[in-house]
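Here is a friendly briefing to read alongside the model. Please keep the viewer open as you go through the points.

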Amino acid sequence: PGRGRSGVGYLKLIDFDRVDVSNLGRQAYGLEQLGCLKTEAWEGIIRGVNPYLSIKISSLHLTEVNMADELRDWPIIIEAFDEPRAKAALVETALSRLPETRIICASGLAGLGRAGLIGSRRISDRLYLCGDEISEAERGRGLLAPRVMVGAGHQANLALRLLAGLE
């Protein structure tokens with residue numbers, strides 16, 4: 001929703017998953033969205049904030065086979081995968097096959113560490129990382145709303161800075 005509130009004109013949401021009870025503790029979904037496709041749920045949330053935004057949704061599973069085609073025309077990708085292998089595949093695809101695209105990844109948002117440790121860092125000319133880069137989700141230390149929201153805020157702010165030519 002942050003990008004929908006910030007004057008961005010176009011968004012593409014891609015996710016194959018459905019809203020699960022485990023998502024309620026760290027994401028903006030409501031109980032009424034349980035079982036809904038995440039793309040459709042997010043579209044509804046964002047349209048409630050900005051009905052004039054152009055949103056394209058794709059309820060599909062991104063793989064190494066379809067990533068480049070699905071993301072080809074987008075100048076900025078904001079990664080929000082749970083799986084480290086999927087994150088790595090997305091970064092590899094973007095950097096090797098999408099030469100005009102910049103990618104903003106998240107790493108290190110788990111647990112109850114200080115929110116002030118979460119930051120944004122430029123890794124290369126087209127790759128950025130938001131998080132504390134060390135706090136991995138593991139048994140007993142999951143992803144909780146406060147740090148996930150801080151990380152997502154860093155990603156949204158960085159995307160806006162890139163779009164405005166400030167990075």
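Strand 5 and strand 6 make a hairpin, with four residues between them. Helices (H or I, at least four residues) and strands (E, at least two) are DSSP runs, numbered from the N terminus. This is a predicted model, in which local features need pLDDT of at least 70 and side-chain atom pairs count only at pLDDT 80 or more, while totals for chains, interfaces and linings use all residues. Residues are numbered from 1 along each chain as its sequence is written, and side-chain values use heavy atoms, with hydrogens and water left out.

- Four strands build an open sheet in the order 3-4-6-5, with mixed pairing; two strands pair if DSSP finds at least two bridges between them.
- Strand 3 (76-78) and strand 5 (119-122) are the edge strands, each pairing on one side only.
- From one strand to the next, the twist averages 15 degrees; axes are lines fitted to C-alpha atoms, for helices over the stretch in contact, and angles run from 0 to 180 degrees between N-to-C directions.
- Strands of a sheet pair through backbone hydrogen bonds, either parallel or antiparallel.
- The pairing of strand 4 (residues 102-106) with strand 6 (residues 127-131) is parallel, over four bridges.
- Within strand 6, Tyr128 is the bridge partner of Ile104, and Leu129 stands opposite Cys105.
- Strand 5 pairs with strand 6 in the antiparallel sense, over four bridges, and here Leu129 is the bridge partner of Arg121.

**Burial of strand 6**

- Five of the five residues of strand 6 are buried, so this strand is largely enclosed by the rest of the structure; buried means under 20% relative accessible area, exposed over 50%, and partly exposed in between (1.4 Å probe, protein chains only).
- In a regular strand the side chains alternate between the two faces of the sheet.
- Leu127, Leu129 and Gly131 point one way from strand 6, Tyr128 and Cys130 point the other way, and all are buried.

**Helices on the sheet**

- Helix 3 (residues 84-97) lies across strand 3, strand 4 and strand 6, and runs at about 165 degrees to strand 4.
- Helix 4 (residues 145-163) packs on the sheet and touches strand 3, strand 4, strand 5 and strand 6, its direction making about 165 degrees with that of strand 4; contact means heavy atoms within 4.5 Å.
- With 14 residues, helix 3 reaches 20 Å from its first C-alpha to its last, close to the 20 Å expected at 1.5 Å a residue; the expected span is 1.5 Å times one less than the number of residues.
- Ala89, Leu90, Val91, Thr93 and Ala94 are the buried residues of helix 3, and their cover includes helix 2 (67-71), strand 3, strand 4 and strand 6.

**Two residues to look at**

- Lys38 sits in helix 1 (residues 38-49) and counts as buried, at 6% relative accessibility.
- Leaving aside neighbours within four places in sequence, the contacts of Lys38 include Asp15, Asp17, Arg18 and Tyr29.
- Pro75 lies in the loop between helix 2 and strand 3 and is partly exposed, with a relative accessible area of 41%.
- Not counting residues up to four places away in sequence, Pro75 touches Glu100, Thr101 and Arg102.
- C-alpha to C-alpha, Pro75 and Arg102 are 6.2 Å apart in space, and they are 27 residues apart in sequence.
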